Amino acid sequence: MRRRSAMSEVVLEKVSRNFGNFAAVADVDLRVNQGEFVTLLGPSGCGKTTTLRMVAGLEPNSGGRISIGSEVVSDAGRGIFVPPERRRLGMVFQSYAIWPHMSVFENVAYPLRVRRRPNAEIQEAVTRTLRLVEMERFADRPAPALSGGQQQRVAIARALVFEPKVLLLDEPLSNLDAKLRLQMGDEFRAIQKRLGMTTLYVTHDQSEAMALSDRVVVMDRGRIQQIGAPEEIYRYPASRTVAAFFGTPNLLDAEVRACARIDGRRVRLDVVGQGWAGRCEASHEARPGQAVTVMVRPEDARIASAGSDAGDQELSWSGRIAHSTFRGATRSIVVQTDNGQLNVDMSAFDAHAIGDNVNVVVSQRAAWAVPRGDVTA
Ligand SMILES: Nc1ncnc2c1ncn2[C@@H]1O[C@H](COP(=O)(O)OP(=O)(O)O)[C@@H](O)[C@H]1O
Ligand SMILES: [Mg+2]
């Protein structure tokens with residue numbers, strides 16, 4: 001059992017891919033552990049698909065080494081390249097790519113027929129896999145007579161039917177409407193957990209990445225920016241680029257006055273901005289005078305009446321309400337302060353009038369500083 005479990009981790013070492021002299025993927029180091037669900041997340045064009053295609057063997061890597069389990073499947077330096085069909089990977093892509101001239105059963109059976117498995121085995125494996133995705137009663141349907149969500153299940157079944165060591169998925173839910181996307185995401189995650197498949201998933205959708213993944217890999221312009229559990233990346237981004245990628249955070253310029261260690265992972269900074277001062281947290285010690293960007297998430301901020309005192313564990317800015325947008329679940333407020341606008345998300349029931357003078361208040365624990373000067377798009 002131990003041997004088998006060690007067999008399906010995916011390791012990328014200094015993997016890169018150049019198109020001419022453009023580096024689509026640069027120096028990617030990543031380990032996806034056995035049974036782990038890891039998501040590559042980043043804006044369009046950042047190199048997610050190219051990375052996945054290199055793992056699949058659909059694209060050669062210009063540099064570096066890729067291993068699946070104990071086997072090196074691609075090593076640019078040593079000229080090793082194992083073709084896709086010998087990597088034992090299941091793949092699901094954005095377009096379902098199920099074959100319209102075949103029934104659901106035959107679509108799912110296809111990978112086994114290509115592998116020349118005996119009929120009895122095919123019958124058993126296809127039935128079992130269709131049951132897993134709750135599509136067994138559609139086995140005889142022509143594939144086009146299915147809804148988008150059903151087609152997607154067939155595509156997933158086809159990827160699972162030969163029990164791949166590793167599953168690769170490239171934006172598999174992006175063609176579905178919002179509700180189905182949530183439902184299919186949750187279902188797929190449950191199947192993945194049950195079968196313990198090592199999964200490398202690609203999406204540009206932050207909330208999908210956070211809901212599904214054990215760990216998220218944030219990419220930008222071909223490079224890994226940060227790897228971590230969803231909450232860690234969201235609450236403790238390592239850079240301004242990563243902070244800005246999730247939602248619409250407030251990013252405030254400030255200068256460090258003092259620094260004290262809280263624990264092994266975090267420090268507390270005294271910072272001064274334009275017309276405000278207070279404390280926040282950060283991952284690294286900073287020197288007095290150092291420039292930082294302080295991130296405040298809109299949902300962590302609240303509106304208080306003008307002139308009210310902030311607690312000593314809080315940061316506060318005074319301003320005037322400039323916009324208010326009802327979004328159903330929340331209301332987004334924009335407060336104009338002396339040094340820029342602040343976004344605050346609040347309960348949709350809390351009404352504030354445009355033009356009201358207010359304070360924006362946030363706990364210093366929810367204010368997170370990252371180094372300034374890190375280049376952003
Ligand atoms: N075959 C190719 N030839 C030239 N450039 C490519 C090729 N494939 C991808 N690229 C470029 O590489 C970059 C990364 O592409 P891709 O991996 O598809 O990004 P993502 O999936 O994150 O949107 C993009 O700038 C894209 O235009
Ligand atoms: Mg892509």
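## Ligand 1 and its shell

Helices, H or I, are DSSP runs of at least four residues, numbered from the N terminus. In this predicted model, helix H2 gives the most to the shell around ligand 1, with three residues.

H2 spans 48-56. Strand E2, at 22-32, also gives two or more residues to that shell. Residues around the ligand include Phe19, Phe22 and Ala24. By class, the shell divides into five nonpolar residues, five polar and one charged.

## Polar contacts and burial

Which atoms of Gly45, Cys46 and Lys48 face oxygen atoms of ligand 1? For Gly45, a backbone N or O atom lies 2.6 Å from a ligand oxygen. Cys46 also uses its backbone: a polar atom there is 3.2 Å from an oxygen atom of ligand 1. Lys48 brings its side chain, with a polar atom 2.9 Å from a ligand oxygen.

Ligand 1 exposes 560 Å² when taken alone. The protein buries 58% of that area.

## The barrel

Five strands close into a barrel. Their order is E12-E13-E14-E21-E15, and the pairing is mixed. From one strand to the next, the twist averages 50°.

Strands of a sheet pair through backbone hydrogen bonds, either parallel or antiparallel. Which sense joins E15 and E21? E15 covers residues 291-296 and E21 covers residues 367-371. They pair in the antiparallel sense, over five bridges. Val292 stands opposite Pro371 in E21.

Definitions and conventions. Residues are numbered from 1 along each chain as its sequence is written. Chains are lettered from A and ligands numbered from 1 in the order in which they are written. This is a predicted model: local features need pLDDT of at least 70, side-chain atom pairs count only at pLDDT 80 or more; totals for chains, interfaces and linings use all residues. Side-chain values use heavy atoms; hydrogens and water are left out. A residue is near a molecule or strand if one of its heavy atoms lies within 4 Å of it. A polar contact is a pair of N or O atoms within 3.5 Å; within protein, one must be able to donate a hydrogen and the other to accept it, and residues adjacent in sequence count only if both atoms are side-chain atoms. Accessible areas come from the Shrake-Rupley method with a 1.4 Å probe; for residues, only the protein chains shown count as cover. Ala, Val, Leu, Ile, Met, Phe, Trp, Tyr, Cys and Pro count as nonpolar, Asp, Glu, Lys and Arg as charged, and the others, Gly among them, as polar. Two strands pair if DSSP finds at least two bridges between them. Axes are lines fitted to C-alpha atoms, for helices over the stretch in contact, and angles run from 0 to 180 degrees between N-to-C directions.
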